[in-house]
2 protein chains.
Amino acid sequence: MSVESLSALDRSTLRERSLEALRAAILSGRYRPGDHLGEVELAGSLGVSRGTVREALRHLQQEGLVTAGTRGMLRVNSLTPAEVHELFRVRAALEALAVREVVASPRREAAAAALREAVEQLSDEADPAARMEADLAFHLQLCRLSGNSMLVEAWQRLEGRMRVAILNGADWQAPMMARERHVPIVEAIERGDAEAAVRVVDDHMSDAAEHFAAASRPA
Amino acid sequence: MSVESLSALDRSTLRERSLEALRAAILSGRYRPGDHLGEVELAGSLGVSRGTVREALRHLQQEGLVTAGTRGMLRVNSLTPAEVHELFRVRAALEALAVREVVASPRREAAAAALREAVEQLSDEADPAARMEADLAFHLQLCRLSGNSMLVEAWQRLEGRMRVAILNGADWQAPMMARERHVPIVEAIERGDAEAAVRVVDDHMSDAAEHFAAASRPA
DNA sequence: CCGCTGTCGACTGTCGCCAGTCCACACCGG
DNA sequence: CCGGTGTGGACTGGCGACAGTCGACAGCGG
C-alpha cells in the first residue's frame, strides 16, 4: 500500500520522481491490474500533493500502464492475449523498419558493433527483471541505431505496454530473452542481409507474442 | 429532455476543452513554431486556471505538438526535413502492417467497402483543412479496419506530428491527398493483393515525405 | 420483503496562491 | 568604456482548498 518515500536530494523534479516511483510500483506488481489508483492515497504515500501525482498519473495513462475507468478514475491496466499479439505485431513492424535502416546506413559497421555489445549484456544476469531490462535495452538500441528519431519515439511509446505484457508472462526462464535469440539479428545485419534480419526479428516477435499472450491473465 | 441533452453535452471537462482549443490554435497557425506558450497567458486567454492549462500543455507535449525548452518552458514544435522523412517512413511501416492485416482479415470485403466510403470523402472539399482531415481520416480508418488496437494507438500518437508536418507544407493544392492517390490502395485490398497495396502505400508515403519535407522550414 | 429516496462519504475537477529559479538589464567600481 | 553585480520581473514547480458529482447505504413507505 505504501510506496517508498521520495528523497529530496535528487535534482530532478518531484513530478519525474513521482512518475518513476509510480511506474516502478506498478511494474513491480505492488499494484495489480484493475487496482484503483486514488490521487489522495498516492499523494499521501508519495509525500507530494495531489496535483503532482495527477500529472504523473496522466503520463502513465498515456504510456498505457494506467487506464481511465468510471468517472475519470484510474486503474492499473492489463492486456488481453489478443492485445499482446497486436502489440508484438506492431513492434515487429517497427523493428523491421529499424533493421532495414540500420543495414542501409553507412554506419552499419559501428551499429553492428554496438549491437554486439548490447547482446553481451543479455544473459549474464540471473535476475529476471534485469534480463527484461537488457532485452528491452537491446531492442531500443536497435531502434536508436536506425537514426530515425520518430521510430525511437514510437517504439518507446509501446515500451510501457510491453513491460505490462512481459510482466504478466509468468515464465521468466523462457529462452525468449536469451542471447541466442538475438545473435542472428546482429549477424544478419553484419552480413548486410536486411531481409534475413527482418525474418529473424519477425520470428522472434511471433514467439514472444505467443509466449506472453498465453501467460497473460484475463483481467 | 432538453436539460438532459444539455448536461450530456456539457460532460466534457474544462481540461479537454482547453486541450482542443490549444490544439486548434496551434494547428491553425495562430501560434507559430518556436513561439513560447506561457501558462499564465494561456490561462488568461482560455479563461481557466494555470493547472488546467498545464495538463493540456503536457498532453500536447506528449502528442508532439509542443516541446520543452529551457527551464521547462514549452514552445510550439516544428519538424526538420529529416524528421519529416523519418516520420513518414514510420507511418509507412505502420500502414503497411495495416493493409496486410486488413487483407488477411475475414472481414476484408466490409473493410474495402468502408475504405471506398472514406475515399469518397476525399476531394469534394476545396477547403485545404478539410482535405487534410479527410486524408488523415482515410488513413486512420485503414488502421482501424486492421482491428489492431495497438496499431491504431501507435498511429494516433504520430498524428499530431503529421499535422505539424503537413501544416508546414505550403502547397495544399498538391495532389497528395487526391482521390486518385488512394483508390489504388483500396483496389489492391479488394483484389487481396497485400504486397501491391503495401507498395502503393509506400510510394504514397515517400511522395508525401518528399513534398512536406521540402516545404518544412528550418525553425 | 421490496423498492424508492435522502443523506453521507469519497473521489476527481478546478482554482488561487506561494516559493524557487533563471534572465535581462540597469548600476556601479575599475 | 568595460566588466562584475545585484536587483526586479517573469515564469514554472508545487501545494492546499473548495466545488461538483457519483456510488453506497440506511431508512421509510408500500
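Visitor: Is B:Leu27 buried or exposed?
Guide: Go by relative accessible area; buried means under 20%. B:Leu27 has 16%, so this residue counts as buried. The model is predicted.

Visitor: Let me try B:Ala209. Where is its place in chain B?
Guide: Helix H10, residues 194-215. Now apply the accessibility test again. The relative accessible area of B:Ala209 is 4%, so B:Ala209 is buried.

Visitor: And which residues is B:Ala209 in contact with, beyond four places in sequence?
Guide: B:Val84, B:His85 and B:Phe88. For a C-alpha separation, take B:Ile166. It is 43 residues from B:Ala209 along the chain, and the two C-alpha atoms are 9.5 Å apart.

Visitor: On to the DNA. How many residues surround DNA strand C?
Guide: Count the residues, then pick out the closest. Here 18 surround DNA strand C. The closest are A:Arg50 and A:Arg54 from one chain, and B:Leu14, B:Ser49 and B:Thr52 from the other. Of the atoms of DNA strand C that come within 4 Å of the protein, 67% belong to sugar and phosphate.

Visitor: Which residues lie at a phosphate oxygen of DNA strand C?
Guide: A polar backbone atom of B:Arg15 is 3.3 Å from a phosphate oxygen. For a polar backbone atom of A:Leu37 the distance is 3.5 Å. A:Arg58 uses its side chain: an N or O atom there is 3.4 Å from a phosphate oxygen.

Visitor: Which elements each supply at least two residues of the surface near DNA strand C?
Guide: Chain A gives strand S1 (36-37), helix H2 (39-46) and helix H3 (50-63). Chain B gives helix H2 (14-27) and helix H4 (50-63). H3(A) has the largest share, three residues. By class, that surface has eight charged, five polar and five nonpolar residues.

Visitor: Now the protein interface. How many residues of chain A are in contact with chain B?
Guide: Start with counts, then area. 26 residues of chain A meet 26 of chain B. The buried area is about 2400 Å², and carbon and sulfur atoms give 49% of it. On the chain A side, A:Gln62, A:Met150 and A:Arg157 supply 28% of the area buried, more than any other three residues.

Visitor: How many salt bridges are found across the interface of chain A and chain B?
Guide: Eight. One of the bridges across the two chains joins the side chains of A:Arg89 and B:Glu101, at 2.3 Å from N to O. Polar contacts are a separate count: 16 residue pairs between chain A and chain B.

Visitor: Which elements of chain A each supply at least two residues of the side that touches chain B?
Guide: H3, helix H4 (81-104) and helix H7 (149-168). H4(A) gives the largest share, nine residues. Finish with the classes: eleven charged, ten nonpolar and five polar residues on this side of chain A.

Terms used:
Residues are numbered from 1 along each chain as its sequence is written. Chains are lettered from A and ligands numbered from 1 in the order in which they are written. This is a predicted model: local features need pLDDT of at least 70, side-chain atom pairs count only at pLDDT 80 or more; totals for chains, interfaces and linings use all residues. Side-chain values use heavy atoms; hydrogens and water are left out. A residue is near a molecule or strand if one of its heavy atoms lies within 4 Å of it. A polar contact is a pair of N or O atoms within 3.5 Å; within protein, one must be able to donate a hydrogen and the other to accept it, and residues adjacent in sequence count only if both atoms are side-chain atoms. Helices (H or I, at least four residues) and strands (E, at least two) are DSSP runs, numbered from the N terminus. Ala, Val, Leu, Ile, Met, Phe, Trp, Tyr, Cys and Pro count as nonpolar, Asp, Glu, Lys and Arg as charged, and the others, Gly among them, as polar. Buried means under 20% relative accessible area, exposed over 50%, partly exposed in between (1.4 Å probe, protein chains only). Contact means heavy atoms within 4.5 Å. Buried area is the accessible area (1.4 Å probe) that two parts lose on being put together, summed over both. A salt bridge is a side-chain nitrogen of Lys or Arg within 4 Å of a carboxyl oxygen of Asp or Glu.
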